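Here's a quick briefing to read alongside the picture. Have a look at the fold and keep it open while you go through the points.

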Amino acid sequence: MNGKVAVLDGWHWAAAGVEALLLIVLVLLRYDTLRDRPGRTLRQATRSAGKLAGVIPVGSVVVLLVPLWSGLILIAIPAVAVGVMALAS
């Protein structure tokens with residue numbers, strides 16, 4: 001090997017875990033919003049939130065693969081969204 005092996009340290013795994021938790025909270029908040037809309041059935045809300053749940057593993061893998069500083073930026077985006085949604089309700 002030429003010494004250019006990418007090593008995923010504990011900080012990357014911790015960042016990926018935080019990203020997954022934030023995305024889960026976002027999907028659940030979106031599900032709650034969709035469920036409370038008039039004219040929407042529980043099945044429609046569940047189907048829409050289920051499609052949105054695909055971003056959880058994708059977001060975690062992206063945070064694992066990018067440098068740590070950009071992973072922290074990717075974590076800040078859903079954290080701000082969760083904060084805004086919490087303040088709005």
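How many helices and how many strands does the protein have? It has 4 helices and 0 strands, so keep in mind as you look that this is a predicted model. Starting at the N terminus, the elements run α-α-α-α.

**The whole chain**
- Of the protein's 89 residues, 25% count as buried.
- Take the contacts between residues at least 6 apart in sequence: 70% of them join residues at least 24 apart.

**How α1 and α2 pack**
- Two packed helices are described by the angle between their axes and the distance between the axes.
- Here, the axes of helix α1 (residues 10–36) and helix α2 (residues 42–52) come within 9 Å and cross at roughly 155 degrees.
- Because angles over 145 degrees count as roughly antiparallel, α1 is roughly antiparallel to α2.
- The crossing of α1 past α2 is right-handed.
- On the α1 side, V27, R30, Y31, L34 and R35 take part, and they meet L42, A45, T46, S48, A49 and L52 of α2.
- Sorted by class, this contact has 7 nonpolar, 2 polar and 2 charged residues.

**A closer look at S60**
- You'll find S60 in helix α3, which covers residues 55–65.
- Beyond its neighbours within four places in sequence, S60 is in contact with A16, E19 and A20.

Key. Residues numbered from 1 in each chain as written. Predicted model: local features only at pLDDT ≥ 70, side-chain atom pairs only at ≥ 80, totals over all residues. Heavy atoms only, no water. Helix = DSSP H or I, 4+ residues; strand = E, 2+ residues; numbered from the N terminus. Buried < 20%, exposed > 50% of the residue type's maximum accessible area, 1.4 Å probe, protein only. Contact = heavy atoms within 4.5 Å. Axes fitted to C-alpha atoms, helices over the stretch in contact; angles between N-to-C directions. Parallel < 35°, antiparallel > 145°, perpendicular 65-115°, else oblique. Left-handed = near helix turned anticlockwise from the far one by under 90°. Nonpolar A, V, L, I, M, F, W, Y, C, P; charged D, E, K, R; others polar.
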